[in-house]
Amino acid sequence: MVPVKVLSYNIRSMRDDTDALARVIRACAPDLVLIQEAPRFFRWRKKLARLASASDLVVLTGGGTAAGPAILCNLRATVERTEDVLLPLTPGQHRRGFATAVVDIAGARLGVLSCHLSLQKDERHDQASALLDRLAGMGVDHAVAGGDLNEGPTGPAFTRVAANLQDCWAAGPQGGEHTWTRTEPHRRIDAIFATKGIEVLGCGVPVDLPGITETDLRAATDHLPVLATLGIPAT
């Protein structure tokens with residue numbers, strides 16, 4: 001097994017404290033960061049590149065070309081291919097998409113997908129099915145998907161994904177659970193999923209890591225991040 005650290009994070013278009021955001025990401029020391037709500041408009045590439053640099057990472061794919069989802073990575077990752085996917089647009093709803101890539105990390109080949117599902121229930125369920133179809137079509141034995149699902153574990157879209165993939169928090173809870181704490185009750189609407197055969201060594205909100213403070217977590221964005229440590233079978 002090759003240990004790989006994956007972080008999923010809704011960064012609210014970098015409208016908050018970007019220094020705090022970078023500090024949180026750096027403290028997690030991720031190999032891959034699955035971003036939601038990356039900048040999409042004026043100079044979005046420059047803004048995303050600046051965040052990656054401040055976090056000791058590089059931009060892998062996504063951003064405006066995927067309608068918000070993006071993927072950052074460190075230099076352990078060798079990129080095989082990337083693809084940004086725009087999903088069908090429902091009138092009156094925001095455009096949604098997936099940022100996807102296939103990478104090799106220390107001999108482990110891995111498909112990666114970042115998503116941000118709809119606020120609308122039926123569209124969200126359709127997008128969950130599209131997520132599973134996209135992973136199945138990537139031509140990899142092992143894959144990880146993460147993002148903001150806009151509903152909790154009992155919702156139909158979340159349940160659809162978790163029925164086919166490992167819900168990493170459920171498989172190896174570690175750290176905090178809830179990712180949306182601005183309203184009551186607090187909810188877990190951000191998650192990381194992994195295909196069968198990947199070992200989940202731990203997953204949750206990284207509240208106890210050295211270098212992460214409650215002040216930075218609150219200042220960085222309106223979501224809390226999810227960090228998963230995974231064991232990926234080597235090829």
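## Strands and pairing

Two strands are taken to pair if DSSP finds at least two bridges between them, and the strand arrangements described here for this predicted model rest on that criterion.

## The sheet built around β1 and β2

Six strands make up an open sheet of mixed pairing, and their order across the sheet is β3-β4-β2-β1-β12-β11. At its edges stand β3 (58-62) and β11 (199-204), each of which pairs on one side only. Neighbouring strands in this sheet are turned by 20 degrees against each other on average, direction ignored.

Within the sheet, strand β1 (residues 2-10) runs antiparallel to strand β12 (residues 226-232), and the two are joined by seven bridges; in this pairing K5 stands opposite T229 of β12.

## Helices packed on this sheet

Helix α1 (residues 18-28) packs on the sheet and touches β1, β2 (32-36) and β12, with a direction that makes about 160 degrees with that of β1. Helix α2 (residues 44-54) also packs on the sheet, where its contacts are with β3 and β4 (70-73), and its direction makes about 135 degrees with that of β3.

Note on methods: Residues are numbered from 1 along each chain as its sequence is written. This is a predicted model: local features need pLDDT of at least 70, side-chain atom pairs count only at pLDDT 80 or more; totals for chains, interfaces and linings use all residues. Side-chain values use heavy atoms; hydrogens and water are left out. Helices (H or I, at least four residues) and strands (E, at least two) are DSSP runs, numbered from the N terminus. Axes are lines fitted to C-alpha atoms, for helices over the stretch in contact, and angles run from 0 to 180 degrees between N-to-C directions. Contact means heavy atoms within 4.5 Å.
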